[in-house]
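Before reading on, take a moment to look over the fold as a whole.

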Amino acid sequence: MDRSTAYRRGDATAAAPRTVPLARLRGHCAAVFRAAGLDGAAADLVADSLVDAEARGIGSHGVNRTRIYAERLRGGMIDAAARPAVVREQPGGVHIDAGNAIGHLGAQAGTDAAVERALQGAVCVAGVANSNHCGTLAYFTRQVAARGLVAIAMSTAPPTMVYFGGRTRAVGTNPVSMAVPRAGGPPVTVDMATSATARGKIILAHQLGTEIPDGWAVDEAGRPTTDPAAALLGSVLPFAGPKGSGLAMMVELLCGALVAGVTADGIGDMYEDWTRTQRVSHLFIVLNPDGWLGREAFLAHVEAFARRVHDLPPAEGFDQVLLPGEVEENARAAAERDGVTLSASVAADLDAIAAEVGLDHRLTTAPR
């Protein structure tokens, strides 16, 4: 498969944007993944992750990823039948080989293993090797916080970003997520790439035919660009210069080197490399408040902290100072009620990939 197909642009002449109920969208994507080779539970997991991102306003990691996952499954770049397995366990740590499973299965295995063991003590660290792109890390860290635990997660990615001071691709956008439980509301959740923007936003801009802001990327010659096509051939920039660059490097070492011994060019590009598997690695650190301050005392402190933040005087143009993750929670609540509105090009591509895998339904019809 060539690069142009992997970065397929939507049909600019397609109809108006389409609003779709979450359940319909989830069912459509799950049906595509089943037709591409995943079993029902795995297909549902991946679809739920993508629709959750879409509902939270994170379209870069939303249902526009359906095509690339399906194509890599059908092309044998992801093993649809693989199941992650524990290969080494020791006090406080577990090592998992994802077996080239789709990344959501690898990440879920790491999450579940770390939670199970952290509930028996104060902490557990789960490392997952031989995986693939797993969507938003917050999808998994929020699960941990829902159990009353604290989560820190990170993942490697193929080298598409420059190091500070460089002009060519050298490191992945290597995301980091953290989630802290709250007794009186949704968890406090941070999920961010170490780049100025998630590369998925550039891919989405390319699909939509829109420009990207200054400061996101450079072209192949290392020159700043607002053209998403040139940016995809070039590199994304680290956030805050040396700060994002340094954090990306530490994720590469702690997650890639420590867990899997796979860094930099050893990681395959999901969109551009159809000759090898990705070999992405993930790291999940789960802390049990019972092993530290104590759950009730910790949650009380978190709630008092949240109230102090909410009571701060807002800046001009803001109604309230919000906690990380609250904007996304509000978007999710609205999407549960009203559905999500997909651009014409993304909606058309979802229908197109469904037809390509042999399904005879569209987003406007119920999956069969």
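A residue is called buried when its relative accessible area is under 20%. By this cut-off helix H7 is mostly covered, since 8 of its 10 residues are buried. The coordinates discussed here belong to a predicted model, and every value below was computed from it.

The buried residues of H7 are Arg 199, Gly 200, Ile 202, Ile 203, Leu 204, Ala 205, His 206 and Gln 207. They pack against E8, helix H8 (228-233), E10 and helix H12 (344-356). After H7 comes Gly 209, whose phi is positive, near 75°.

Helix H6 can be described in the same terms, for it is mostly covered, with 7 of its 9 residues buried. Its buried residues are Ala 138, Tyr 139, Phe 140, Thr 141, Arg 142, Val 144 and Ala 145. H6 is followed by Gly 148, which has a positive phi near 85°.

**The sheet of seven strands**

An open sheet is formed by 7 strands in the order E2-E3-E4-E11-E5-E6-E7, and their pairing is mixed. Which strands stand at its edges, and why is one side of each left without a neighbour? The edge strands are E2 (85-90) and E7 (188-192), and because each has a single partner strand, one side of each has no neighbour in the sheet. From one strand to the next, the twist averages 10°.

At one end of this order, E2 and strand E3 (residues 93-97) run antiparallel and are joined by 5 bridges. Within this pair, the bridge partner of Val 86 in E3 is Ile 96, while Arg 88 stands opposite His 95. The hairpin of E2 and E3 has 2 residues between the strands, and in this hairpin Gly 92 takes a positive phi near 85°.

Strand E5 is mostly covered, with 5 of its 6 residues buried. E5 pairs with E11 in the antiparallel sense, and E5 also runs antiparallel to E6. Ala 153 has a partner on each side: Phe 284 is its bridge partner in E11, and Ser 177 in E6 stands opposite it.

| Strand pair | Direction | Bridges |
|---|---|---|
| E2 and E3 | antiparallel | 5 bridges |
| E5 and E11 | antiparallel | 6 bridges |
| E5 and E6 | antiparallel | 4 bridges |
| E8 and E10 | antiparallel | 2 bridges |

In soluble globular proteins, nonpolar side chains tend to be buried together. In this model the largest nonpolar core holds 79 residues, of which Leu 25, Phe 33, Leu 38, Val 63 and Leu 342 touch the most other members. Helix H3 (residues 40-55) gives the most to this core, with 8 residues.

**The largest pocket**

How much space lies in the largest pocket, and which residues are the closest to its centre? The space in the largest pocket is about 850 Å³. The pocket is lined by 43 residues, and the closest to its centre are His 61, Pro 175, Asp 191, Ala 193 and Ala 198.

Notes. Residues numbered from 1 in each chain as written. Predicted model: local features only at pLDDT ≥ 70, side-chain atom pairs only at ≥ 80, totals over all residues. Heavy atoms only, no water. Pairing = 2+ DSSP bridges. Axes fitted to C-alpha atoms, helices over the stretch in contact; angles between N-to-C directions. Core = buried A, V, L, I, M, F, W, Y, C linked by side-chain atoms within 4.5 Å. Buried < 20%, exposed > 50% of the residue type's maximum accessible area, 1.4 Å probe, protein only. 1 Å grid on protein atoms, 1.4 Å probe; cavity = no way out; pocket = protein on both sides within 12 Å on 5 of 7 lines; lining within 4 Å. Points joined across faces, edges and corners; volume = space filled by probe spheres on them. Contact = heavy atoms within 4.5 Å.
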